[in-house]
Structure formats: C-alpha cells, structure tokens
Amino acid sequence: MNKNLLNGNLWDTDPELFEIIKNEKHRQQSGLEMIASENFTSIPVLQCLSSCLHNKYSEGMPNQRYYGGNEYIDEVEILAQKRALEAYRLNPEEWGVNVQPYSGSPANFAVYTGIVEPHGRIMGLDLPDGGHLTHGFFTATKKISATSIFFESMPYKVDPKTGLIDYDELAQTAKLFKPRLIIAGISCYSRCLDYKRFREIANENGAYLMGDMAHISGLVAAGK
C-alpha cells in the first residue's frame, strides 16, 4: 500500500471525498433535523470511531471471540454494557444488554429471530399510521421489509377519526391473528404509547411484548 495513503490526511489523499464530507457538514449545520432518532455525535465519540479500535475484528461475545487479540475490545464492550445497565438503572443480576447492533433495524431483527420461529406471526403499527419499516411493513404487491419476508405480519392501525392507536381494534385483531410477538413502537407517531394496554393485550394472547423505544430511549434513561 502507498505509504502516503497510510500517513496522509484525507484532504490530501482524497480531496473529492473530503469535499463531499464538508458539504454534509454544512448541510447539518445549516438545516434543522427533525428526525427523533438522529443525533449530532460528540467529538469524543467521533474520536473513538476514528481510533485504532476500528481496525479489529471482534466477532462473537466478550471473552468468546472467534479471532484472537480481542482483550482490549472485550474491555470496551464490557464497559459499554456496564454503562448501559447503569443508564437505565437495571440490575445486572437480572438484566443483560447487547451493545453490538449498529442501528435499530438489526437490533429489532435480532429480537425477532431470537424469540419468533421462521414465518411466525408478529404485529406492529402500520407504516402509514406511524410505524417503522422493520415492524413488518408490506404492500399489496411487495414485501418491503425483510421482517415481512421472514415473518408473517399483521399491522395494527390508528383510528382515522382521532389519529390515535385503536387499542380495541388491536385487541380484537390479536385474538384472531394470535401473534407470537406484539411490537409497541413507533417511527412518526407523536403520542405516548399505552404500554399497560399493550401488556394486557399481549398477555391475553400469550404473546411476547417488545418495546421498540429507539426514539425515546434518552427520555427513558433520564427518567422522563
């Protein structure tokens, strides 16, 4: 490999790519981001992402890796797990946490594959009603999300008159559909969810209840 590529700066080695990054920086600074799950990453996080940690394979779980030389990667991941449990005030004797998913989509899929059999039944809020693609969205002609390909999905809806989730209809549909998993989560639904009602409906049908709290996780950690 060219030594200059290893030791040079991005603006010298690839000015075209650097210009694109500058344009994105300007877009972020000059616009107003209204996506709840986006964030302006802090300088310390950016420094970690661009550190030598980026060079290492770390497949598997801490202390059970497929590659050698992961002793310090293990320390980083265990520290992240510890801090995540502390952030949500969870007892490590009762709870575990996986900090490996890169985003909410693979995190959701990991849950589905862990507790729902292939082509098992799931229920999530329909995408046009404020749900997320990974909650099983499909159209009359195409299965848009991988979730709807590998699992059988039945969406629940909002009441067209009020714009609020119709929990009574959800309860009736769940009785007929008998889902393995019900997803209490949203993407662009601005009201609070009735988690107690979700829990009751799941219990009535012997279903797992999954809370997809990607957009409100900061509020949960802050106790709000």
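Colleague: How many cavities of 30 Å³ or more does a search of the whole structure find?

Modeller: The search finds 1, and the largest cavity has a volume of about 40 Å³. Please keep in mind that this is a predicted model, where local features need pLDDT of at least 70 and side-chain atom pairs count only at pLDDT 80 or more, while totals for chains, interfaces and linings use all residues. Residues are numbered from 1 along each chain as its sequence is written, and side-chain values use heavy atoms, with hydrogens and water left out.

Colleague: What makes a space a cavity and not a pocket?

Modeller: On a 1 Å grid over the protein atoms alone, a cavity is a set of points where a 1.4 Å probe fits but cannot get out, whereas a pocket is an open set with protein on both sides within 12 Å along at least five of seven lines. Grid points are joined across faces, edges and corners, and a volume is the space filled by probe spheres set on the points.

Colleague: Which residues line the largest cavity?

Modeller: Lining residues have an atom within 4 Å of a point. Among those lining the largest cavity are Asp126, His132, His135, Phe137 and Pro155. The lining divides into 4 nonpolar, 5 polar and 1 charged; here Ala, Val, Leu, Ile, Met, Phe, Trp, Tyr, Cys and Pro count as nonpolar, Asp, Glu, Lys and Arg as charged, and the others, Gly among them, as polar.

Colleague: Why is Asp129 called buried?

Modeller: Buried means under 20% relative accessible area, exposed over 50% and partly exposed in between, with a 1.4 Å probe and protein chains only. Asp129 has 13%, so Asp129 is buried. Its place is in the loop between strand 3 and helix 7 (146-150); helices (H or I, at least four residues) and strands (E, at least two) are DSSP runs, numbered from the N terminus.

Colleague: What makes the link between the side chains of Asp129 and Lys157 a polar contact?

Modeller: A polar contact is a pair of N or O atoms within 3.5 Å; within protein, one must be able to donate a hydrogen and the other to accept it, and residues adjacent in sequence count only if both atoms are side-chain atoms. The side chains of Asp129 and Lys157 are joined at 3.1 Å, and that is a polar contact.

Colleague: What is the largest nonpolar core made of?

Modeller: A nonpolar core is a set of buried Ala, Val, Leu, Ile, Met, Phe, Trp, Tyr and Cys residues joined through side-chain atoms within 4.5 Å. The largest has 19 residues, and Ile165, Leu193 and Phe198 have the most contacts inside it. Helix 8, strand 5 (181-185) and helix 9 each give two or more residues to this core, and helix 8 gives the most, with 5 residues.

Colleague: Which residues of helix 8 are buried?

Modeller: In helix 8 (residues 167-177), Tyr167, Leu170, Ala171, Thr173, Ala174 and Phe177 are buried. They pack against strand 3 (121-123), strand 4 (152-153) and helix 9 (195-204).

Key:
Contact means heavy atoms within 4.5 Å.
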